[in-house]
Amino acid sequence: MRLLRRGKVKDIYELDDGKNILFHFSDRISAFDIKMSTPIPRKGEVLCKFGEFWFNSLGTRHHMIKVVDKDKMLVEKLNMIPVECVVRGYFYGSLVERYRSGIDLDLPKEFSPVLATKLPKPVFDPTTKSEEHDRPTKAQELTSSKVLSKEEYEYLEETSISLYNRMAKVANGAGFIMADVKFEFGRNSAGEIVLGDSLGPDEYRLWLASDYVPGRVQESYDKQLLRDWLIKTGFKDRIDTFALEGRKPDAPVIPIELVNKLSQRYIAAYERITGSRL
Ligand SMILES: Nc1ncnc2c1ncn2[C@@H]1O[C@H](COP(=O)(O)OP(=O)(O)O)[C@@H](O)[C@H]1O
Ligand SMILES: [Mg+2]
């Protein structure tokens, strides 16, 4: 087994047969694009089990073979399609800036751009994958650059939207709004396009339905407390100051009470959405 990469959250190993990949979901957490130096107990376990839950319940072709440990998942090695298939159900995140800068987002004319409002229908908003930042992309660009055929693009669009709809419905039944989600697909050894990567709170934005008020910032259920703390302590300002010089500050140590609360939130989201105990 050899380490392929250490992601922000997962460590990824290739097995010796060259056919399978092992995901080790760590307890690492990041916010505002900064990797924190304090781990969140059981976060890796939640991410792994969440992935297992969705792969088993969505009824779509996927790469998961099995969960082999509480925080480890064995998957089929895929030839990844370098596109992050983002689906947005709400007017939020980078969509807002892009809408304001006048980019055509294929929204109906009568759409009123209130922050966090529900979109008339979910929008497929793919971005090309890059190491630092993901760049929005258009169907035309992807199909003409031969990354995908037109049929494949349409398949990804249709599949992503239908997966989002199903996930959003499950989340809704548990009192959450799933504002958006990111999928990654790849080709398996038979050349079929299958759902890959992971599906968990790092791939989607969850809002508590009972706290939802359109027209203002909605905090993510799992990371809200960390983001609030980073702002309150002035660390967010430091990040912004460093960013002006193209640098990143060293991560702060998260106080233990906050670590415990964050851990509890990951577990609560898992237990409420899946209906099973961790
Ligand atoms: N089945 C698979 N085969 C090969 N690569 C995969 C597979 N599933 C996901 N990947 C790739 O693994 C990487 C996961 O890394 P990344 O998302 O950066 O990790 P993290 O979410 O921890 O930051 C991505 O580049 C993704 O495309
Ligand atoms: Mg990732």
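Guide: What follows covers how to read the model, then the ligand site, the cores and a few loop residues.

Guide: This is a predicted model, in which local features need pLDDT of at least 70 and side-chain atom pairs count only at pLDDT 80 or more, while totals for chains, interfaces and linings use all residues. Residues are numbered from 1 along each chain as its sequence is written, chains are lettered from A and ligands numbered from 1 in the order in which they are written, and side-chain values use heavy atoms, with hydrogens and water left out.

Visitor: OK, which residues are closest to ligand 1?

Guide: The closest are Arg5, Val9, Lys10, His63 and Glu184, out of 17 residues that surround ligand 1, where a residue counts as near if one of its heavy atoms lies within 4 Å of the molecule. That shell divides into seven nonpolar, two polar and eight charged residues; here Ala, Val, Leu, Ile, Met, Phe, Trp, Tyr, Cys and Pro count as nonpolar, Asp, Glu, Lys and Arg as charged, and the others, Gly among them, as polar.

Visitor: And which strands supply at least two residues of the shell?

Guide: β2 (10-14), β3 (20-25) and β7 (72-76) each do so, with strands (E, at least two residues) and helices (H or I, at least four) taken as DSSP runs numbered from the N terminus.

Visitor: What do the oxygen atoms of ligand 1 reach in the side chains of Arg5 and Glu184?

Guide: In Arg5, an N or O atom of the side chain is 2.6 Å from an oxygen atom of the ligand, and for Glu184 the distance from a ligand oxygen to a side-chain N or O atom is likewise given as 2.6 Å. A polar backbone atom of Lys8 is 2.8 Å from an oxygen atom of ligand 1. The protein covers 85% of the 570 Å² of accessible area that ligand 1 has on its own, as computed by the Shrake-Rupley method with a 1.4 Å probe.

Visitor: Where does Arg28 lie?

Guide: Arg28 lies in the loop between β3 and β4 (30-31), and its side chain reaches the backbone oxygen of Val9 at 3.4 Å. Leaving aside neighbours within four places in sequence, Arg28 is in contact (heavy atoms within 4.5 Å) with residues including Arg6, Lys8, Asp11 and Lys43.

Visitor: Switching topic, which residues have the most contacts inside the largest nonpolar core?

Guide: Met178 and Phe183 do, in a core of 67 residues, and helix α7 (residues 256-274) gives the most to this core, with eight. A nonpolar core is a set of buried Ala, Val, Leu, Ile, Met, Phe, Trp, Tyr and Cys residues joined through side-chain atoms within 4.5 Å; buried means under 20% relative accessible area, exposed over 50%, and partly exposed in between (1.4 Å probe, protein chains only). Not counting residues up to four places away in sequence, Phe183 touches, among others, Val83, Leu163, Met167 and Leu199.

Visitor: Is Asp71 buried or exposed?

Guide: Asp71 is buried, because its relative accessible area is 11%, and Asp71 is found in the loop between β6 (64-69) and β7. Its contacts, leaving aside neighbours within four places in sequence, include Phe23, His24 and Cys48.

Visitor: Which phi does Arg42 have?

Guide: Arg42 has a positive phi of about 75° although it is not a glycine. Most residues other than glycine have a negative phi. Arg42 is found in the loop between β5 (34-35) and α1 (43-57), and counts as partly exposed because its relative accessibility is 36%.

Note on methods: Polar contact = N/O pair within 3.5 Å; in protein donor to acceptor, adjacent residues only side chain to side chain.
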